[in-house]
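This report describes the pockets, the salt bridges and a surface patch of one protein model.

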Amino acid sequence: MAKTLSHNINYLWRLAATAISFACFGLGGVLLWLVVFPLLALLPGDRRRKACRAQTMVHLSFYAFIGLMHRLGVMSYQICGGEKLNRPGQLVVANHPTLVDVVFLLSRIKQASCIVKASLWRNPAMRGSILHAGYISNADSQTMIADCAAWLNGGGGLIVFPEGTRSVPDQAYRFQRGAAAIALAADCVLTPVTLTCTPSTLTKNLAWYRIPPRRFHLRMDVGDDIDLSEYRLLQPHSIAVRRLTQTLLDYFTEQRQAYEQHRN
């Protein structure tokens, strides 16, 4: 009886804490858009320097958001290999199990751009960050690849989810070729990051209020860089992109299988 009551109280608290967290996220996004970013834009500097300042502000706000969810008891987290992040011209590729993956990654990367869906440009909680931080639209694939390569070659960091959307639980990954095309176009540092969430929550098509029976644990494992030298020699270019995409797919599939074996 007491155990059931304690469980129900904990569930209701985490449900309320989740609502508080996302409300703060939305309000914070609007505040950044209407107040903070316009003030930052007044500081001197070219477009790239201003975008870097905005990215740093996004990093700090997401760091605070993850800290809020942790302190409210919604989630816990763990980071392995975080010292491999935050290098100039680094392309981070990651799987995408939950809604908060990009928030978690950006909370640990001080300056990074992202590829965003065209629909997010109309989201008031995200519009300010997208406009001021120089995030890159996926509306046209060739333009997107060129913009991403230019950003990386200028020393900026970039996060890409090769799936293009959140993973579907218990289904095989389906990677698009954009991440590989960007890596080869920029000839950059390519670092895989594996994200796992236990128990699964905030997945594709799952509403935020469908919270798990206990607080979820988000883990970030930063892998070793993937050597691009063998792919640079392949011709035609489309073969190199296809092979590198398969390498990424194999890597993340093996990581997920290892995680599931360890969990069982």
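What volume does the second largest pocket have? The second largest pocket has a volume of about 510 Å³. The model is a predicted one, in which local features need pLDDT of at least 70 and side-chain atom pairs count only at pLDDT 80 or more, while totals for chains, interfaces and linings use all residues. Residues are numbered from 1 along each chain as its sequence is written, and side-chain values use heavy atoms, with hydrogens and water left out.

**Pockets**

A pocket is an open set of points on a 1 Å grid over the protein atoms alone, where a 1.4 Å probe fits, with protein on both sides within 12 Å along at least five of seven lines; its lining residues have an atom within 4 Å of a point. The volume is the space filled by probe spheres set on the points, which are joined across faces, edges and corners.

The lining of the second largest pocket consists of 18 residues, and R47, A51, L131, G134 and Y135 are those nearest its centre. Two or more lining residues come from each of α1, α2, α4 (124–132), β4 (136–137) and α5; helices (H or I, at least four residues) and strands (E, at least two) are DSSP runs numbered from the N terminus. The greatest contribution is that of α2, with five residues. By class, this lining holds eleven nonpolar, three polar and four charged residues, where Ala, Val, Leu, Ile, Met, Phe, Trp, Tyr, Cys and Pro count as nonpolar, Asp, Glu, Lys and Arg as charged, and the others, Gly among them, as polar.

The largest pocket contains about 1,000 Å³ of space. Its lining has 35 residues, with H96, I115, K117, L120 and G164 nearest the centre. Elements that supply two or more of the lining residues are α1, α2 (47–71), α3 (101–106), β3 (113–116), α5 (141–153), β5 (158–160) and α6 (178–186). Here α5 gives the most, with four residues. The lining of the largest pocket divides into 22 nonpolar, ten polar and three charged residues.

**Salt bridges**

The model has four salt bridges, each defined as a side-chain nitrogen of Lys or Arg within 4 Å of a carboxyl oxygen of Asp or Glu.

D225 is partly exposed at 37% relative accessible area, as is R87 at 30%; partly exposed denotes the range between buried (under 20%) and exposed (over 50%), with a 1.4 Å probe and protein chains only.

R232 is partly exposed at 44% relative accessibility, and D187 is partly exposed at 41%. R219 is likewise partly exposed, at 28%.

**Surface patch**

L31, L34, V35, L39 and L42 make up a nonpolar surface patch with about 520 Å² of accessible area together. Patches consist of residues with over 30% relative accessible area and no salt bridge, like charges being joined within 9 Å and nonpolar side chains (Val, Leu, Ile, Met, Phe, Trp, Tyr) within 5 Å. Accessible areas come from the Shrake-Rupley method with a 1.4 Å probe, and for residues only the protein chains shown count as cover.
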